[in-house]
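Hello,

Here is the structure I promised to pass on to you. Please open it beside this email and follow along as you read.

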Amino acid sequence: MHTTVTTPDGPFTIIGDAHHVLASGWTEDEASLRGLIHPQLRAQAEKEDYDDALLTRAAQAVHAYYSGDTASIAEVPVRQRSGPYRERAWEVLRQVQPGAPVTYAEYAQRTGSPGAVRAAAGACAQNAAALFVPCHRVIRTDGTLGGFRYGLGIKASLLEREAPTG
């Protein structure tokens, strides 16, 4: 099941199963997002009976985020599957607070593997659940943005939206 909501950064599509967001991002191309979901989770989701409660909750969190409640996305359950390091890294990403971006090196340290900067960056690159797993909150050591699947313009917009005011 999926839904697409309108945001100031463009259309945002969310794919979920009965209980979790499986993929999300700034696109209307549901098929490309579905391709980011681990095959095991994709197959499992196709067999499930579900209602729209999770998608409604996720869409409400996106609207709340864009209305200024940048912490709202943390309450939406997400499921991704990969190896142990990457799964741990995605959990750690969910703990990075709005307005407090970390560098890739800091992110690697938070995962418990300070020397795994490339692996940490890889976890960001392979994150299927953008916004809900806020990989946009990881930047380069020199303060530049680094990469982002949906473009640096959206990453900059998100970071500006989350930046502390005053």
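Is Val96 buried or exposed? Val96 is buried, because its relative accessible area is 1%, and buried means under 20% relative accessible area, exposed over 50% and partly exposed in between, with a 1.4 Å probe and protein chains only.

Some ground rules before we go on. This is a predicted model, in which local features need pLDDT of at least 70 and side-chain atom pairs count only at pLDDT 80 or more, while totals for chains, interfaces and linings use all residues. Residues are numbered from 1 along each chain as its sequence is written, and side-chain values use heavy atoms, with hydrogens and water left out.

**Back to Val96**

Val96 sits in the loop between H4 and strand S4 (102-103). The names of helices (H or I, at least four residues) and strands (E, at least two) stand for DSSP runs, numbered from the N terminus. Not counting residues up to four places away in sequence, Val96 touches Val102, Arg110, Pro134 and Arg137; touching, or contact, means heavy atoms within 4.5 Å. From Val96 to Gly115 there are 19 residues in sequence and 19 Å in space, C-alpha to C-alpha.

Ala100 lies in the loop between H4 and S4 too. Ala100 counts as partly exposed, because its relative accessibility is 36%.

The chain is divided into domain 1 (2-67) and domain 2 (84-162), with bounds that come from an automatic or database domain assignment. Taken over C-alpha atoms, the centres of domain 1 and domain 2 are separated by 20 Å. Across the boundary, 18 residues of domain 1 are in contact with 15 residues of domain 2.

Now look for the largest nonpolar core, which has 47 residues. A nonpolar core is a set of buried Ala, Val, Leu, Ile, Met, Phe, Trp, Tyr and Cys residues joined through side-chain atoms within 4.5 Å. Trp26, Tyr107 and Phe132 have the most contacts inside this core. At least two core residues come from each of strand S2 (10-16), strand S3 (21-25), helix H2 (39-47), helix H3 (53-66), H4, helix H5 (104-110), H6 and helix H7 (152-162). H3 gives the most to this core, with 8 residues. The core lies between domain 1 (2-67) and domain 2 (84-162), because both give residues to it. As background, nonpolar side chains tend to be buried together in soluble globular proteins.

Leaving out residues up to four places away in sequence, Phe132 touches Phe12, Ile14, Val21, Ser24, Ala58, Ala61, Val62, Ile73, Val76, Val78 and Arg94.

Leu131 is in the loop between H6 and S5. With a relative accessible area of 1%, Leu131 is buried. Its phi is near 75°, a positive value in a residue other than glycine.

**How H4 meets H6**

At what angle do the axes of helix H4 (residues 84-93) and helix H6 (residues 117-125) cross? They cross at roughly 75° and come within 9 Å; the axes are lines fitted to C-alpha atoms, for helices over the stretch in contact, and angles run from 0 to 180 degrees between N-to-C directions. That makes H4 roughly perpendicular to H6, a term for angles of 65 to 115 degrees. H4 contributes Tyr85, Arg86, Ala89, Trp90 and Leu93 to the contact, and H6 contributes Ala119, Ala120, Gly122, Ala123 and Cys124.

In H6, Ala120, Gly122, Ala123 and Cys124 are buried. The buried residues of H6 pack against H4, H5 and strand S5 (138-139).

Thr103 belongs to strand S4 and counts as buried at 13% relative accessibility. Its contacts, not counting residues up to four places away in sequence, include Val138 and Thr141. Asp142, found in the loop between S5 and H7, counts as exposed at 59% relative accessibility. Asp142 and Thr103 are 8.5 Å apart in space, C-alpha to C-alpha, and 39 residues apart in sequence.

Enjoy exploring, and write back with any questions!

Notes. Angles under 35 degrees count as roughly parallel, over 145 as roughly antiparallel, 65 to 115 as roughly perpendicular and the rest as oblique.
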